[in-house]
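Colleague: I am new to this one and would like to learn how to read it. Could you walk me through a few features, with the general idea ahead of each case?

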Amino acid sequence: MNLNSSRDDYKFLQIVDARAALGQKVNLIGVVVETGLPKKSRGTGSDLKLPSGAVHSIAGPKDVFCSIRIIDESYPSPGIAVNFFAETMDKLPEVLTVGDILQISQVVMKTHGPDIYALFNKKFSSFAIFDGKNDSNILPYQCSSKYHAREQDKKFILGLMKWLVDHKIDTDLTDLHSLKEIREGERFNLICKIVHVCEVEKNKWMLLVWDGMDTPPVTIKTKLEEEMENPLPLQPVAFTLQRDILCTLPPLGTVLWVAVDRCDEKLGFNFLKSNRWVKLINIRCELHAALWRAVLMPFTKVCYLSDEDDIVLQRMRQYDERRKSKLGWMPSSSFPWPSDITETDYPNVPFVSLMRALANPKVIGKFHCVVRVVAAFPWLAEHFRSPSGVYRIRLTLEDPTTRIHAYLYKEDAEKFFDGYPSVYTLTKKRNLLLGTSEGDDDSEMNDHFRNPPWIRCCLMSYHIDDNDVWGSRNFRIFATTLKA
């Protein structure tokens with residue numbers, strides 16, 4: 001069947017022809033390549049500015065809208081945006097994956113500057129969405145109330161499916177970044193898996209996303225003396241994941257926290273699904289307390305990807321290879337080997353990540369890790385020991401997967417520091433461990449940024465309350481010596 005020659009039989013226009021039909025109502029059918037997050041109308045029903053920059057007066061004061069980009073064989077790139085309005089979220093189209101097929105009827109062709117788009121009017125337009133890979137059952141998985149199925153439409157849907165077999169959807173693979181490439185303040189596009197969606201406080205939602213890669217280590221810009229009054233947080237938000245959720249997170253590779261730009265955009269988070277691979281277009285990266293996080297902007301676009309997408313399969317292959325490698329559990333930035341300033345009593349025990357240690361199914365465990373020491377409390381070497389001479393220090397450790405507190409106590413600390421050296425020697429050891437300057441003047445030293453080295457250490461988990469073993473679980477460093 002020649003799809004091009006038969007479209008006019010049922011008044012479907014190709015996108016290239018619809019672009020020339022400005023101000024007219026048209027029927028279109030195309031392949032979805034991009035979706036925007038649903039948003040609320042902010043006006044009183046008068047003018048509403050869309051992400052594309054266009055302004056319309058068809059929206060009610062409580063309307064929601066979203067934008068979807070489609071392509072067909074006549075206009076495979078960049079395609080055309082379709083802007084949808086509805087009274088409620090459930091009346092907006094919800095595309096399950098890139099490559100699904102969108103059929104729209106009675107949409108009005110509009111223009112804003114150089115951009116041409118289709119406008120879905122809730123009063124007379126209709127839509128239906130079809131699985132782009134299921135040619136055995138041509139039924140929409142979602143449709144609007146005004147949609148009327150016609151037997152004749154199936155040939156257009158099948159025609160697009162056949163075209164897709166030979167046409168690879170352009171997902172701008174040249175402009176994609178992995179988490180190992182992110183930079184502060186930059187906008188970037190990321191292919192990742194949404195591993196969790198959570199409400200961290202009232203009407204403030206965050207995503208946890210992952211791609212199997214490690215974010216780069218960050219220079220610590222807080223002074224050591226601030227650890228008492230303003231300690232470095234263990235997460236980029238003041239929110240603790242429940243243990244059952246924590247244990248579902250990948251144990252290798254950074255899980256990035258992603259916030260929404262405006263707190264009232266809960267609509268967008270309802271649209272985002274856990275355990276789905278997505279392409280996030282135009283998100284902003286930032287640092288909070290030397291921890292990476294990202295922000296979904298008002299103009300961020302989302303493309304759901306199939307688990308069988310080539311780039312998804314590639315990411316999963318890379319992750320599986322890393323997970324099976326003995327050295328793959330080291331932070332990527334510690335290659336080819338961590339600093340030699342520490343040694344452990346168990347050099348042949350394989351490394352694990354801090355996330356693997358946190359999610360260990362048993363409260364008590366022993367782990368061999370590669371970490372950075374980003375903070376110490378107390379921070380002055382002369383306070384490392386109690387008045388009775390007992391070491392008691394809380395260190396903040398991090399790797400690309402998480403941060404934890406770990407304690408140096410009694411004989412474990414004695415082994416770590418090689419006995420009871422002078423305050424001067426302890427200060428030099430502390431400086432080396434925390435990546436500070438070598439100066440002896442504490443005030444001068446604290447004005448420097450810190451870049452702690454990657455070190456090897458052994459960790460032991462334990463509990464201090466038999467009635468609350470998980471709630472009282474702690475970590476301590478043992479069988480480790482700082483050689484400096």
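Modeller: Gladly. Let us begin with burial: a residue counts as buried when its relative accessible area is under 20%. Cys66 has a relative accessible area of 4%, so Cys66 is buried. Please keep in mind that this is a predicted model.

Colleague: Is Cys285 buried or exposed?

Modeller: Cys285 is buried, because its relative accessibility is 1%.

Colleague: And how many disulfides does the structure hold?

Modeller: The structure holds zero disulfides.

Colleague: Which residues of H6 are buried?

Modeller: First the general idea. With 3.6 residues a turn in an α-helix, residues three or four places apart point the same way. In H6, the buried residues are Ile311, Val312, Arg315, Tyr319 and Arg322. They lie on the same side of H6, because the arc they cover around the axis is only 105°. Glu321 and Lys324, on the other side of H6, are exposed.

Colleague: What covers the buried residues of H6?

Modeller: The cover includes four strands: S11 (187-201), S12 (204-210), S14 (276-288) and S15 (291-305).

Colleague: What happens at the start of H6?

Modeller: There, Asp309 has a side-chain oxygen that comes within 3.1 Å of the backbone nitrogen of Ile311.

Colleague: Now for the interior. How should I read a nonpolar core?

Modeller: In soluble globular proteins, nonpolar side chains tend to be buried together. Here the largest nonpolar core has 81 residues, and Leu395, Leu397, Phe417, Leu459 and Ile477 have the most contacts inside it. Leaving aside residues up to four places away in sequence, Leu395 touches several residues, including Val373, Ile404, Leu433 and Ile477. Another core, of 31 residues, lies apart from the largest one, and among its members are Leu37, Val218, Val258 and Phe271.

Colleague: Where is Asn431 found, and is Asn431 buried or exposed?

Modeller: Asn431 sits in helix H9, residues 423-434. Asn431 counts as buried, because its relative accessibility is 1%. Its side chain makes a polar contact of 3.0 Å with the side chain of Arg430. Asn431 and Arg450 are 19 residues apart along the chain, and 9.2 Å separates their C-alpha atoms.

Conventions. Residues are numbered from 1 along each chain as its sequence is written. This is a predicted model: local features need pLDDT of at least 70, side-chain atom pairs count only at pLDDT 80 or more; totals for chains, interfaces and linings use all residues. Side-chain values use heavy atoms; hydrogens and water are left out. Buried means under 20% relative accessible area, exposed over 50%, partly exposed in between (1.4 Å probe, protein chains only). Helices (H or I, at least four residues) and strands (E, at least two) are DSSP runs, numbered from the N terminus. The arc is that of the directions from the helix axis to the C-beta atoms. Contact means heavy atoms within 4.5 Å. A polar contact is a pair of N or O atoms within 3.5 Å; within protein, one must be able to donate a hydrogen and the other to accept it, and residues adjacent in sequence count only if both atoms are side-chain atoms. A nonpolar core is a set of buried Ala, Val, Leu, Ile, Met, Phe, Trp, Tyr and Cys residues joined through side-chain atoms within 4.5 Å. A disulfide is a pair of cysteine sulfur atoms within 2.5 Å.
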